[in-house]
Amino acid sequence: MMFLFTAVVIFPSGSEAAAKDGDWRNLATGHIIAQAGYADQPYVVILPNGEWLCVATIGPGKEGQTGQHIAAMISADKGQTWSAPIPIESPQGPEASWAVPLITPFGRVYVFYTYNGDEVKTLEGKPIRADILGWYCYRYSDDFGRSWSDRHRLPLRITACDRTNNWQGKVQLFWGICKPQIAEQKVLFSFTKIGRYMLEQGEGWVFCSSNILSERDPARLQWDLFPPGDHGIRNESFGSVQEEHNLVWLGGDIWYCVYRTTLGYPAHTYSFDGGKTWEEPTLMTYEPGGKPIKNPRACPKLYRTNDGRLLFWFHNHSGTDFVGRNPAWVSAGHIKDGRVYWSQPEVLLYDPDPNVRFSYPDFFEDEGRYFVTETQKTIARVHEIDCDFLNILFHQGSASILPRDKPLVEMRAESTETERPLEGTIDLSRDDGFTVEIHATFDRYEPGATLVDNRDDQNRGFVLSMDDEYSLVFTMGDGKNTFSWSSDVGTIQVGKQQHIVVIVDSGPQLVMFVVDGQLCDGGEQRQQGWGRWKDPLGQVTGSRVRINPAFPGRMQLFRVYGRPLRVSEAVSLYRAM
C-alpha cells in the first residue's frame, strides 16, 4: 500500500503546556465556599446588590449526624471569598437539611428544606438518621441573608406513598435537590417522597406557586402539589430507587424532569400541562428513541441558562451504586418538537484522584459569566466555567468550531512513503495531552493488525491497532509505564469509511474514543467507554510515525494534534468529512 505523507505536528507552546497546572476543570482551582465535617448542596442566588448568597446543608460530623443544619454564606467578590456560615436553622436541632433557594423580583430570598419538626429519633426502638423526614418548611430573608423569618410549613399532602411508609403517614419522608424554577410568573420545584425508610420506594412530586413572586404575606401564598391524586412521578418497572427529581421549563406548558435510579441510567419524563401531569418515565436518551445516557446512583442535574439553553450534569458510566462521581460530564440540550436532544458529553470537572467523589451541583450566571458549584461532602466549592468551553459545547458539530490547528498528517495512496519524524514530543507529566485522528476504510477485520506505530526503541510512544470483537486498541507508554484502552465492541465496520478520534487528556488522565461522531460509552458490554490511567506517564511519543503498509484497508487521513481536542471538535471533524 502506498501513501502520500505530509506531516506537520503542532505541540503546545510554553503557555499552553503550563495550562495543565491551571486547568479550570480541576477541583483544586475552585474557590471554597464552606468546609466542615459535612457540607452539601451549595446552591447560589445572585442578590440585587450584586452579592452572592449560597445556602447549604452543613454540620460538624458526617452526613446525617447531630448538628446538621442549613446555613447561608455571602460573597461580595464573585465567589472568591465567603462569609462565615449564618445559621438559618439552629445547629442545636432539630435537623434541617437540603435547602434550595429562590429569589423574588422584590429581593426576598426563600429557602425550602426538610425539617425534623417532630424530633423523630428512632424507628422500632433503634436510633435512625433523621434528615429526610419531618415537615417541608421554608424561611425567608428580606435583608439579603443576614437574618431570617420565622419558620413556615408547606402544605405537603399525604398520599399513598406516605400511608404505606414505616409510620403509616404520621411521619413523611422526603428531600429535594431541585432549585425552584421560574416560568411565566409561576414557580415550580420538584422533590422526592420516600415510601420506606431509609431510601426505598422513591417517587417525584412538584410544588407550584402562582403568586410567590409578588405576594409578600406568607399566609396568602398559594400552593399546589402535582401530580393530582395519590401517586407521584415513577415507573414501577424501574425498581425501588427513583429519586432526586429535578426539572426545567422548556417553554409554554412543557416541563422536563430527570432523576436518578440504580439501573445505570437516569430516567426522564415530560409534562405538557404546566407540570400537573407527567408521562410515564423512561430511560433518559441522547435523543428520542436513541442511545441511553449512563449515570450511576448520583445526582443528574438539569440547568436552563438565562437565554433558554440547556445543560445536563452527569457521570457518564452505568454503575449502580454511589461510587464513581469523578469526573463530572456535561451535555448541551436543544429542544425540537417539545423534546430534548442532548449533545455528546464533555468533561466539566475532575479531581486527579479518582477516589474523590463530588456531586450536587448548582449552575448559575452573573454578568454573562457561568459558574458551577459542587461538593465533596466536606468541601463545597464554586468554579467559573470557561466561556469558550461552553461555546464549543453549544455549537457541537458546527463548522464554526473546527480546530484551527494546521493539518498535521495527510496521506494518499500514490506515495510510497509510510514513515515521518515527529518534530517534538508530548510529555503527559507537563503537557495537556494530544489527539490522533484517522479517516479509514477497513477492508477486513484482522485482530492484532497495526494501523499506526509511533514507538521508539525505548518503547516510548503510541500504537493503534485492531483489538478483539471488532474494536480498536490504543496503547501509549513512556518507556516505564504503559496504558491501553479500547474502543467499544463493534467499532470497526468493514467496508465503511470511518472517522476515528483518540483523545488523550492529561488533566483527568483520560483516553477517549470518538467514532463517527459518537463518544464511546462502553455500550452494553462495559460500564464506561473512557479509560483513566493511574500510573504516572511522562513522554509518550517516539521520534517517528509509521503507517503499517500491510494495514487491511485504506487510510484516507491521519493527524496528530498537540493538544486534547474537545469531544465537540471531534464531532465537528466527523461532520465535515
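Author: Start with glutamate 89. In this predicted model, glutamate 89 is buried, at a relative accessible area of 4%. Its side chain meets that of arginine 151 in a salt bridge, with N to O at 2.8 Å. The two partners sit in distant parts of the chain, 62 residues apart. Glutamate 89 is in the loop between β5 (86-87) and β6 (96-103). Arginine 151 is in the loop between β10 (135-141) and β11 (152-153). Arginine 151 has 31% relative accessibility. Buried means under 20% and exposed over 50%, so arginine 151 counts as partly exposed.

Next comes aspartate 362. Its side chain forms a salt bridge with lysine 179, again 2.8 Å from N to O. This pair also links distant parts of the chain, 183 residues apart. Aspartate 362 belongs to strand β26 (residues 359-366), while lysine 179 lies in the loop between β12 (174-175) and β13 (181-183). Both aspartate 362 and lysine 179 are buried.

Now lysine 496 and aspartate 516. Their closest N and O atoms are 3.5 Å apart in a salt bridge. Lysine 496 lies in the loop between β35 (482-486) and β36 (497-505), and aspartate 516 in the loop between β37 (510-515) and β38 (518-519), so the bridge ties together parts 20 residues apart in sequence. Lysine 496 is partly exposed at 34% relative accessibility. Aspartate 516 is buried, with a relative accessible area of 11%.

Salt bridges also join into a network. It links Asp40, Glu63, Arg129, Asp131 and Lys377. The count for the model comes to 38 salt bridges.

Methods:
Residues are numbered from 1 along each chain as its sequence is written. This is a predicted model: local features need pLDDT of at least 70, side-chain atom pairs count only at pLDDT 80 or more; totals for chains, interfaces and linings use all residues. Side-chain values use heavy atoms; hydrogens and water are left out. A salt bridge is a side-chain nitrogen of Lys or Arg within 4 Å of a carboxyl oxygen of Asp or Glu. Helices (H or I, at least four residues) and strands (E, at least two) are DSSP runs, numbered from the N terminus. Buried means under 20% relative accessible area, exposed over 50%, partly exposed in between (1.4 Å probe, protein chains only).
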